[in-house]
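Trainee: Could you walk me through this one? I have not looked at it before.
Mentor: Gladly; ask whatever comes to mind once it is on the screen.

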Amino acid sequence: MTLPASQVEHQADSERKAGVIGNCPDPAGLLRHEPKLRLDLLERMHDTSVLSAAQFGRDVLCELMKLAAYLQLKRFPVMHALEDKIMAAAFFEPSTRTRLSFESAMLHLGGRTISVADAKTTGVAKGESLRDIGQMFNSYADVVAVRHTEQSAIDELCEYLRIPLLNGGNGSDEHPTQALADWYALLKWRPEIAYGEIPEQFRLNIGIIGTPGNMRTVKSFLMLALLFPENISHITIFSEMADPLGEEIRELTNASPIGIDFSQNLKQSLEYLDVIYMNAIAYLGDGYRFFGDAFSLDKDSKLKPDTVILHPLARGEELDTSLDNTQHNLYFNQADGAVWIRQALLLAIFGRVGDIVPAEYLA
Ligand code: CP
């Protein structure tokens, strides 16, 4: 099954409309290798909470990416897919992208949303427990996307929760659906990371600026990177901390064949990095801290011509706006794609993929 060129044009049109600048890889690339969707794999997500990037195997992850690509190409009619469903977006910590892209995804699918954008507007301000708030979500919604400053918040909410929970960032722990958006952008850019064997000399060198041990986006991104050992040659962590990994991540990286090393010299490493994932802000319980701002990039940085930069945003001085209009900028596409991958996730969690995907697209 091949995709007609008109779809590619459609996609380019929709991204122009969305005002996405920088590198905009064609989602159709993700569909060339194995175009048919594996419903049996997507059904594994039915009624499932998304708490950690570690819960994704490569097979389910790749099916979600393919489904997102079809949605981005507007291949299937979805406007009524979730019209009987309500999503609560409960954000007890500020967010631009995660809350709005979850809400946008739900609205694209015909669903409805109720929202907490500020903890001070909930019973938390009066001392209400998260356990009791979780009980309320059962009555008011069919799924809940949550962000909280505390790592423990997810466990507390889950104590009474009977609907799926989507972790939109819990303290310094994890941000698994951000990692899905990160890898959706990367796999559109280089589908062969998931679907081919890249010759040894061309395997990817990934640089991560930040500390996986206490930055949730960096941690979840790295966890998914470990799913592609045959096509990632090396991951270099750029951090000023003595132990940027922490025990949990060290155990995972020790068990992986991907070489992991550490550096404080970003400039010297730029000549071999194919992908740079950067972030500087972390919320650590009592406030925001800046970890990666010692390492910055701008249009004069000596990047390889085809190096791409990912950043979950919001950015600080570490990522200069002079890179925005270059092909190194995959970070706006990464944010744009979050709407499509979150649609794919919601459809899978509600068990509705089979309702919207015509039989000819199913394996
Ligand atoms: N990427 C991300 O988590 O952004 P927000 O903080 O704006 O949700």
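Trainee: Which residues of strand β8 are buried on one side and on the other?
Mentor: This is a predicted model, and in it strand β8, residues 275-278, is covered on both faces. V275 and Y277 are buried on one side, while I276 and M278 are buried on the other.

Trainee: And which residue is the bridge partner of G207 in β8?
Mentor: That is I276, and the pairing it belongs to joins strand β5, residues 204-209, to β8 in the parallel sense over four bridges. I276 also stands opposite I309 in β11, where β8 and strand β11, residues 308-310, pair in the parallel sense over three bridges.

Trainee: What is the strand order in that open sheet?
Mentor: The sheet has five strands in the order β7-β6-β5-β8-β11, with parallel pairing. β7, residues 259-263, and β11 stand at the edges and each has a single partner strand, so one side of each is left without a neighbour in the sheet. From one strand to the next, the twist averages 20 degrees.

Trainee: How many bridges join β5 to β6?
Mentor: Six bridges join β5 to strand β6, residues 232-238, and the two run parallel. Within that pairing, I209 has F238 in β6 as its bridge partner.

Trainee: Which strands does helix α7 lie across?
Mentor: Helix α7, residues 176-189, lies across β5, β6, β8 and β11, and it runs at about 170 degrees to β11.

Trainee: Switching to helices, at what angle do α9 and α10 pack?
Mentor: Helix α9, residues 216-225, and helix α10, residues 246-254, pack at an angle of about 15 degrees, with their axes 11 Å apart. Angles under 35 degrees count as roughly parallel, and α9 and α10 are therefore roughly parallel to each other. Their crossing is left-handed.

Trainee: Which residues meet there?
Mentor: From α9, K219, L222 and M223 meet E248, I249, L252 and T253 of α10. The residues of this contact divide into four nonpolar, one polar and two charged.

Trainee: Back to strands, how many residues of β1 are buried?
Mentor: Strand β1, residues 86-91, is mostly covered, with five of its six residues buried. β1 pairs with strand β2, residues 112-116, in the parallel sense over five bridges, and the bridge partner of A89 in β2 is S115.

Methods
Residues numbered from 1 in each chain as written. Predicted model: local features only at pLDDT ≥ 70, side-chain atom pairs only at ≥ 80, totals over all residues. Heavy atoms only, no water. Axes fitted to C-alpha atoms, helices over the stretch in contact; angles between N-to-C directions. Parallel < 35°, antiparallel > 145°, perpendicular 65-115°, else oblique. Left-handed = near helix turned anticlockwise from the far one by under 90°. Contact = heavy atoms within 4.5 Å. Nonpolar A, V, L, I, M, F, W, Y, C, P; charged D, E, K, R; others polar. Buried < 20%, exposed > 50% of the residue type's maximum accessible area, 1.4 Å probe, protein only. Pairing = 2+ DSSP bridges.
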